[in-house]
Amino acid sequence: MKWFNDLRKGQKILLLINVVLIIALLVLAFSGVGLSDLFAMGFIMGFLNIISIIFARGLFKFGIDLDTENAGDNVEPSDWKYMKWYSSWGWITVIEVAIIILGLVIKE
């Protein structure tokens, strides 16, 4: 669980929210209530969002290593980079909630 402790507070919160949403989408997709295709699409989006949150710093360091020589292990993303990541992760989370609502409201 060292990787979880290395995440920032905002990343932990978004990660936990997305895990809860994925579980809800999985239950809704197999329960037969609403549009299961829409729930499956939301599940895939949430899963990719979780992968993005977990590996964001590692992928950033990998990109730096490709662009420069001897970048070092102590390279950290800037606060602007984190803000960009938080906004994209947040919007995907909002889209997941909208998918749940639309999937329950829209009839086949």
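What pLDDT does the chain average, and what share of the residues score at least 70?

**Figure 1. Confidence along the chain of the predicted model.** The average pLDDT of the chain is 85, and 85% of the residues reach a score of at least 70. Among the elements, helix H3 (residues 36-54) has the highest mean pLDDT, 93. The lowest mean, 67, belongs to helix H4 (residues 56-67).

**Figure 2. Burial and accessible surface of the chain.** The chain has 108 residues, and 27% of them count as buried. Its accessible surface comes to about 7,300 Å². Carbon and sulfur atoms hold 71% of that area.

**Figure 3. A nonpolar patch on the surface.** The patch is formed by Val33, Val97, Ile101, Leu102, Leu104, Val105 and Ile106. Together these residues have about 580 Å² of accessible area.

**Figure 4. Leu102, one of the residues of the nonpolar patch.** Leu102 belongs to helix H5, which spans residues 79-105. Is this residue buried, partly exposed or exposed? Leu102 counts as partly exposed because its relative accessibility is 43%, and that class lies between the limits of 20% for buried and 50% for exposed. A place in a patch requires over 30% relative accessible area, and the 43% of Leu102 is the value to set against this cut-off.

Conventions:
Residues numbered from 1 in each chain as written. Predicted model: local features only at pLDDT ≥ 70, side-chain atom pairs only at ≥ 80, totals over all residues. Heavy atoms only, no water. Patch = residues over 30% accessible without salt bridge, like charges linked within 9 Å, V, L, I, M, F, W, Y side chains within 5 Å. Areas by Shrake-Rupley, 256 points an atom, 1.4 Å probe, with all protein chains shown as cover. Salt bridge = Lys/Arg side-chain N within 4 Å of Asp/Glu carboxyl O. Helix = DSSP H or I, 4+ residues; strand = E, 2+ residues; numbered from the N terminus. Buried < 20%, exposed > 50% of the residue type's maximum accessible area, 1.4 Å probe, protein only. pLDDT = per-residue confidence, 0-100.
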